[in-house]
Amino acid sequence: MMLGVARRRLASGAGSASASSLGQSLLKSRSVGSGRRIASVADERVVLLQGRVPVRSFCHLVMIKCSDGPKGMRVFTFNNQAVDILPQWRLFSTESGDLVDAVVPFMGESITDGTLATFLKQPGDRVEVDEPIAQIETDKVTIDVASPEAGVIQKFVAKEGETVEPGTKIAVISKSGEGATHVAPSESAGEKAAPPPPTEKVEEKQKPKAEAAPVAEKPKAPSPPPPPPPKRSATEPQLPPKERERRIPMTRLRKRVAARLKDSQNTFAMLTTFNEVDMTNLMKLRSDYKDAFVEKHGVKLGLMSGFLKAAVSGLQNQPIINAVIDGDDIIYRDYVDISIAVGTPKGLVVPVIRNADKMNFADIEKEINTLAKKANDGSISIDEMAGGTFTVSNGGVYGSLLSTPIINPPQSAILGMHSIVSRPMVVGGNVVPRPMMYIALTYDHRLIDGREAVFFLRRIKDVVEDPRRLLLDI
């Protein structure tokens with residue numbers, strides 16, 4: 001840009017002779033002295049700043065001065081109008097701009113920082129454009145740091161476990177691959193394994209001395225036996241040795257979940273009511289139509305879609321359960337966004353199914369599969385977990401028989417599903433085995449009375465035991 005300014009100024013001022021004089025003056029300056037050198041061209045002045053690097057051309061001078069320091073520098077002036085190199089320009093260590101920085105991306109409106117969890121690459125590894133090189137762990141999701149250019153990782157600037165903010169530089173990538181040293185796993189393992197041999201030598205040197213010490217210092221008389229160790233009191237606990245314990249820092253996601261659950265207990269007046277559901281008809285419906293359902297919709301028919309449709313019907317019949325307390329007011333929601341609790345290796349996440357009241361069985365099953373895959377591979381976004389008016393937690397997939405789930409703030413209730421167990425039930429005066437499930441509703445008793453909570457669970461039970469009610473809206 002500055003070279004273009006010089007050309008325009010010279011073209012409008014002194015003409016071609018001045019431009020030639022300027023080029024000859026700069027090319028003859030093979031090195032810049034300790035002070036300023038001013039080359040007069042017509043009525044213009046070119047100011048060469050202090051430096052100690054050979055100068056091949058005006059562009060080379062600009063690149064050298066860009067690498068000298070982070071402060072802005074005046075390179076030349078025309079009629080007392082200075083053109084500066086701004087400090088916010090990206091600084092490169094080579095004149096060709098070979099090095100690029102990999103920085104932490106924007107992580108969400110409500111996320112200001114995160115923890116550098118792990119590096120997915122090592123110095124010397126080849127990376128492509130947008131290939132993940134590190135993972136940032138936040139309070140809600142795990143975010144990848146992608147490579148801005150294709151090249152070779154030259155070095156890491158940040159360390160694992162550090163707290164980083166959006167825009168923080170974590171790595172330097174060389175587009176040409178120069179200056180990067182690859183650390184092979186065998187080499188790094190050898191370097192880590194190198195320190196033990198000196199320790200063994202020291203032990204070998206110290207061992208003969210320890211054995212020779214009793215011979216050199218042989219006592220003339222037998223020493224008295226050492227006093228017996230003091231007996232432990234009966235009340236002193238027998239603690240296991242510290243070597244059998246491991247201390248691992250909590251992840252940011254786990255700390256966030258712990259804080260939210262504790263806040264929920266401290267805020268809500270939680271109460272749980274239970275009921276049991278006969279799963280015979282819903283399981284028969286799935287068994288009869290599972291093949292046709294997969295053939296038409298491309299997704300399996302599960303039990304979750306039946307329970308979510310039943311929950312939607314219950315929330316529409318008892319709108320107070322879909323509401324929330326806000327200060328001295330009650331906010332009623334005329335929409336149903338149901339959160340699904342999903343357990344992942346990194347912690348519990350709760351993606352949201354938007355407008356569940358407008359979905360059919362196939363739409364719900366497709367959305368559940370999509371969100372569950374994103375949650376397990378760590379690609380789920382903040383927007384996909386924000387909001388939600390009611391939560392469904394299916395602990396039955398892990399074999400839970402009964403539980404009291406905790407409300408997910410800022411919601412007012414949560415439905416807990418459990419495992420299906422065949423139990424003897426009285427049907428038509430006869431004792432027959434039936435697949436039964438316990439369901440639990442934990443609710444905020446400040447807002448929801450027991451009457452509404454029981455009616456809600458009764459609606460869940462009626463719809464699941466007879467899905468035809470959904471078609472007839474009864």
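## Overall surface and composition

The accessible surface of the chain amounts to about 28,700 Å², and carbon and sulfur atoms contribute 53% of it. The model is a predicted one. Of the 474 residues in the chain, 36% are buried.

The secondary structure comprises eleven helices and 22 strands. Among contacts in the chain with a separation of 6 or more, 61% are made by residues 24 or more positions apart.

## Helix α7

Helix α7 covers residues 280–297, a run of 18 residues. From its first C-alpha to its last, α7 reaches 24 Å, which is close to the 26 Å expected at 1.5 Å a residue.

Just after α7 comes Gly-298, whose phi is positive, at about 75 degrees.

## Thr-344 in strand β17

Strand β17 consists of residues 342–344, and Thr-344 belongs to this strand. Thr-344 has a relative accessible area of 16%; it is therefore classed as buried, since the cut-off for that class is under 20%.

Leaving aside residues up to four places away in sequence, Thr-344 touches Val-349, Ala-375 and Asn-376.

Note on methods
Residues are numbered from 1 along each chain as its sequence is written. This is a predicted model: local features need pLDDT of at least 70, side-chain atom pairs count only at pLDDT 80 or more; totals for chains, interfaces and linings use all residues. Side-chain values use heavy atoms; hydrogens and water are left out. Helices (H or I, at least four residues) and strands (E, at least two) are DSSP runs, numbered from the N terminus. The expected span of a helix is 1.5 Å times one less than its number of residues. Buried means under 20% relative accessible area, exposed over 50%, partly exposed in between (1.4 Å probe, protein chains only). Contact means heavy atoms within 4.5 Å. Accessible areas come from the Shrake-Rupley method with a 1.4 Å probe; for residues, only the protein chains shown count as cover.
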